[in-house]
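Welcome! Take a moment to look over the sequence and the model, and then let's walk through a few features together.

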Amino acid sequence: MRHVTVSEAATPVRSAPDMQGAHPAAADYLAIDNIWKSFGDFLALKGVSLSIKDGEFVCFLGPSGCGKTTLLRAIAGLDLQTLGTIQQAGRDISTLPPSKRDYGIVFQSYALFPNLTIEKNIAFGLENANRPKAEIKARVAELLELVGLSSQAKKYPAQLSGGQQQRIALARAMAVSPGLLLLDEPLSALDAKVRVHLRHEIKELQRKLGVTTIMVTHDQEEALSMADRIVVMNHGVIEQIGTPTEVYRHPKTLFVADFIGETNQFPAKVTDTGRVALGGTDLVCAPHDIAPGSEVTAVIRPVDVIPHSLDGTEQIGTPENLIDVTVDQMEFLGSFWRCRLASPRFGENILVADFSLNAVRRLGIETGGQMRAELPQGRMLVFAKAG
Amino acid sequence: MSVATATMPRGRTLRPQLSSDDMVKRGLMLVISLYLIVALALPLYVLLSKSLSTYQFDLNIFEIQRSDETGTNFSPARTVADLNAEVNAITPDQLNTSSDGRLHVTGLFQDFSFRSPVKYRIRATTDNASFLVGSELKRGKDWVELDSNTFRRVVLRPVSTIGLDNFVSYFSTPALAKSIGNSLLMGVISTVLVIGIAFGLGYALNRSRMPFKSVFRLIVTIPILVPSLLPGIALVYLFGNQGLLKNWMMGYSIYGPIGIVIGSVFFTLPHALLIISTALSVADARHYEAAASLRASKWRTFWTVTVPGARYGIISAAFVVFTMVITDFGLPKVIGGQYNMLAVDIYKQVIGQQNFEMGAVVSVLLLVPAVVAFFVDRAIQKKQVALLSARSVPYDPKPNPGFDWGCFAYCSLIAAFILVMIGVCQLAATVKFWPYDLTLSMRNFRFDLMDGGGWGAYHNSIKMALLTAFFGTVIVFTGAYMVEKSDGFRIGRSMFQFLAMLPMAVPGMVLGLAYIFFFNNPANPLNTIYGTMTILVVCTVTHFYTVSHLTALTALKQMDREFEPVAASLKQPFHKLFFRVTVPVCLPAILDIAIYLFVNAMTTVSAVVFLYSTQTQLASVAVLNMDDAGDIAPAAAMGMMIFYTNVFARLVHGVISRFLLVRTQTWRKR
Ligand SMILES: Nc1ncnc2c1ncn2[C@@H]1O[C@H](COP(=O)(O)OP(=O)(O)O)[C@@H](O)[C@H]1O
Ligand SMILES: [Mg+2]
């Protein structure tokens with residue numbers, strides 16, 4: 001049996017607004033070309049290229065150690081890439097020191113100066129010889145207002161909660177109106193409730209200010225809910241770049257399918273007709289260009305499995321990939337039922353499916369019962385076996 | 001995607017463009033590296049090469065001609081060796097000499113008279129040979145013609161060869177070589193005793209509920225505040241020839257190993273206790289709970305949990321103590337009597353006999369155990385840190401009256417030992433003539449009537465300690481910041497780290513002698529600081545660099561690594577961050593460094609004893625010199641002046657630290 005669970009529950013995907021629409025024909029603001037980074041013999045980045053449009057919110061998503069921070073630090077000039085160029089707003093910044101680049105940054109630790117008040121922390125970047133005091137004060141007030149912490153101005157960082165510190169760090173980074181905002185796991189040090197709340201706040205703020213933003217995260221939900229585009233990384237390479245719906249609906253690699261959302265994975269073989277043979281059943285699947293006879297992994301997400309009763313009264317249209325199954329186990333997970341479905345056709349494998357409470361009630365699905373499961377062809381993904 | 005097989009394309013790897021901040025940081029690091037090179041590496045190098053240089057007169061490389069009474073007809077040229085073969089005026093053991101060696105040649109001519117009209121010609125036959133005519137140095141193969149009166153002032157200079165001859169002659173001189181065994185023996189005995197005593201103290205302070213813990217902690221730090229000469233003086237008063245408790249010695253003499261061991265216990269105890277106490281205080285309560293639940297006996301728990309838990313602390317403390325004992329100079333100088341120790345030998349060779357090469361040999365020998373101890377200690381420290389960072393639950397001892405009062409009695413005994421030693425010096429300093437006339441008197445404080453520098457020496461010491469504390473703190477903290485908080489420049493940074501750690505392995509006597517060799521060389525442009533306050537400050541800062549550097553590093557490592565990137569992204573220069581955030585946050589550590597340097601500058605003898613001049617006499621050296629001259633009571637009085645000053649400095653430090661803590665506690669609490 002092979003079933004991979006990535007997070008607690010499959011998230012209903014909220015599709016983010018399409019940025020191409022919001023910023024028509026925006027030019028590439030940041031162009032990253034063939035970045036390599038080595039730490040001794042170890043290659044942390046292996047030829048990474050991508051471009052980011054003006055005003056876009058991009059998430060670098062991937063498991064821990066895949067090189068997200070390394071890429072972000074290269075963009076910030078904190079850890080120079082070994083090879084490759086980076087252009088920001090048409091300017092080659094590949095080898096510039098951090099102080100010559102144009103960005104604000106928020107670290108996981110927030111790095112607030114402990115001995116300075118909130119006010120002074122935010123003003124830190126504003127204090128230049130020729131800027132009048134009153135102007136600084138006004139700007140600080142404006143930023144405090146923006147992050148909703150005006151009442152805390154005179155406090156020290158240690159007196160604030162984690163979420164408040166996070167917002168102060170954001171305000172400090174935005175104080176000098178940088179062209180690019182870099183966030184390295186900004187929410188990971190916070191507890192779950194605050195995290196969800198702050199997701200919206202950060203996204204809201206970013207939309208308001210229109211600043212091009214890159215956020216590093218290993219949390220797929222965070223990336224799906226906040227990003228305009230997601231850059232999925234693994235082992236120092238980009239697996240896929242796309243909008244949240246693209247990477248969720250049309251993952252280009254098994255890794256992406258597996259990392260974002262949950263999957264059932266079955267070993268299968270491509271037939272002469274382009275279908276996949278799975279335990280003696282030929283299933284229709286999404287279009288692909290894998291040669292007949294290849295060993296593949298067939299993938300379907302638990303939420304994509306459609307339940308039917310045995311007598312087929314539920315059928316609408318002409319469902320394909322209908323398989324008779326036995327309900328082996330059911331687990332109530334609050335907003336849905338997670339069912340483990342067995343069938344001689346799957347052999348040893350178990351199909352995990354998430355059914356709504358409604359469907360379970362309507363179809364009378366129960367442990368030990370018989371039913372039919374539809375694996376919609378558009379949702380059946382096929383990936384060539386690695387190696 | 002062929003991830004596994006990806007290889008990086010060949011091409012020029014990128015080099016970062018440096019910001020002005022990077023340049024400034026590297027520049028500062030370079031300056032401080034240069035400081036350490038000039039103040040440490042080069043002198044040590046010169047010292048090493050001195051220890052390997054031997055000087056001999058080579059009689060074969062000089063030729064002499066002699067005229068008749070008319071002063072015009074010269075005899076054929078003959079080598080000095082040839083001439084000496086006939087008259088044996090120069091004995092073979094005269095040929096071995098030092099770098100300052102000078103050899104007169106008139107003895108070769110038995111009928112020599114400076115009034116005679118006979119003339120002489122002399123020349124060297126090789127390029128490295130040289131001789132002096134008066135104070136004028138002559139080289140080369142040209143004949144120098146001199147009348148008899150001038151020929152009287154001709155001296156040959158030795159040639160130097162590199163080799164182990166000095167070491168050979170050291171080891172073939174039993175009186176000298178015996179010191180190695182003596183030093184090692186004293187080191188081992190004192191270490192075993194001190195570790196035992198300190199472990200008992202540490203155990204009592206950390207594992208019992210006895211009363212007055214903080215009083216005991218305070219008393220045990222007293223020895224840090226006095227020069228190591230002072231316990232020697234106290235022992236002289238207690239057990240010396242006119243000592244109060246002389247008959248306790250049962251016929252043995254305090255001058256020698258017994259005195260050295262007792263004195264060493266006194267002045268190394270605080271250092272050992274600090275290390276062992278830290279090791280014991282981080283013990284994990286969970287181990288004890290586990291042991292209790294297994295119904296292990298107290299004794300078994302002690303040997304299976306307590307001792308292993310503190311083992312790194314114990315080993316580390318042992319090495320520190322051992323190094324301190326064998327490298328200390330003040331104590332064996334005062335109480336050692338005829339019992340020779342390496343550190344004192346250096347002093348005797350250099351100050352007593354002006355034999356600098358032999359001083360260098362002893363220095364190199366003293367350097368060996370110190371360097372070994374240093375590397376072992378570093379290796380252990382790393383493990384200890386790993387142990388520290390593990391999450392552990394502090395152990396909270398439960399009351400146990402019998403045990404607690406036992407601990408109290410034990411600590412009282414140790415405290416009494418320390419207080420008696422100090423008290424004796426205090427008494428001796430403030431009575432007329434111990435132990436015969438015990439009326440109170442301040443006459444021992446009339447230093448101006450004694451040799452040793454008088455009150456001027458005391459004022460010099462204060463000045464030196466203040467300068468050391470100020471410049472030392474600035475240099476050390478800046479250096480530590482540059483090495484800890486800058487990127488790239490790996491080689492430079494690790495070289496700097498090495499230089500910063502090196503002083504710990506260099507005993508004070510060795511450093512002082514190295515300074516003589518390096519700075520007292522007329523060819524060195526830095527020669528001008530020789531004999532000034534500057535060289536004393538430089539020497540002392542360097543001598544105590546490592547501990548200060550480690551204190552600064554520890555504080556800096558606790559600062560968020562991302563402060564610098566944040567400041568750079570906000571386009572703020574690093575010095576703004578440094579002064580507005582780094583320094584204020586690290587202020588407690590900075591003050592600790594300053595007080596550490598101040599106290600040590602007040603008490604140090606070993607390095608500066610070679611370097612002071614008549615204008616820059618120091619209180620600690622005055623203690624030594626007055627004791628040497630037999631003015632023991634004034635020596636004790638001066639020692640107590642150092643003690644009072646250090647106590648006062650500590651109080652000031654304590655008040656400032658407390659004030660800071662109160663002022664900053666709003667943002668310090670986490
Ligand atoms: N300074 C460094 N030296 C050596 N290896 C490093 C260094 N920084 C990161 N790495 C390695 O590079 C890989 C990518 O790290 P990173 O970019 O921090 O991952 P993440 O995606 O979790 O942010 C990891 O395997 C990490 O161990
Ligand atoms: Mg990371």
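## Where the two chains meet

Between chain B and chain A, nine residue pairs are in polar contact, both residues at pLDDT 80 or more; a polar contact is a pair of N or O atoms within 3.5 Å, where within protein one must be able to donate a hydrogen and the other to accept it, and residues adjacent in sequence count only if both atoms are side-chain atoms. On the chain B side that touches chain A, helix 21 (563-569), helix 22 (574-603) and helix 24 (632-668) each supply at least two residues. Helices are DSSP runs of H or I with at least four residues, strands are runs of E with at least two, and both are numbered from the N terminus.

The contact (heavy atoms within 4.5 Å) draws 37 residues from chain B and 43 residues from chain A.

## Salt bridges

Three salt bridges cross the interface of chain B and chain A, each a side-chain nitrogen of Lys or Arg within 4 Å of a carboxyl oxygen of Asp or Glu. Glu562(B) and Arg73(A) meet in a salt bridge at 3.8 Å, N to O.

Over all chains the count is 25 salt bridges. Arg372(A) and Asp324(A) form a salt bridge at 2.8 Å, N to O. This pair links distant parts of the chain, 48 residues apart: Arg372(A) lies in strand 20 (residues 370-374) and Asp324(A) in strand 17 (residues 322-332) of chain A.

## About the model

This is a predicted model, in which local features need pLDDT of at least 70, side-chain atom pairs count only at pLDDT 80 or more, and totals for chains, interfaces and linings use all residues. Residues are numbered from 1 along each chain as its sequence is written, chains are lettered from A and ligands numbered from 1 in the order in which they are written, and side-chain values use heavy atoms, leaving out hydrogens and water.
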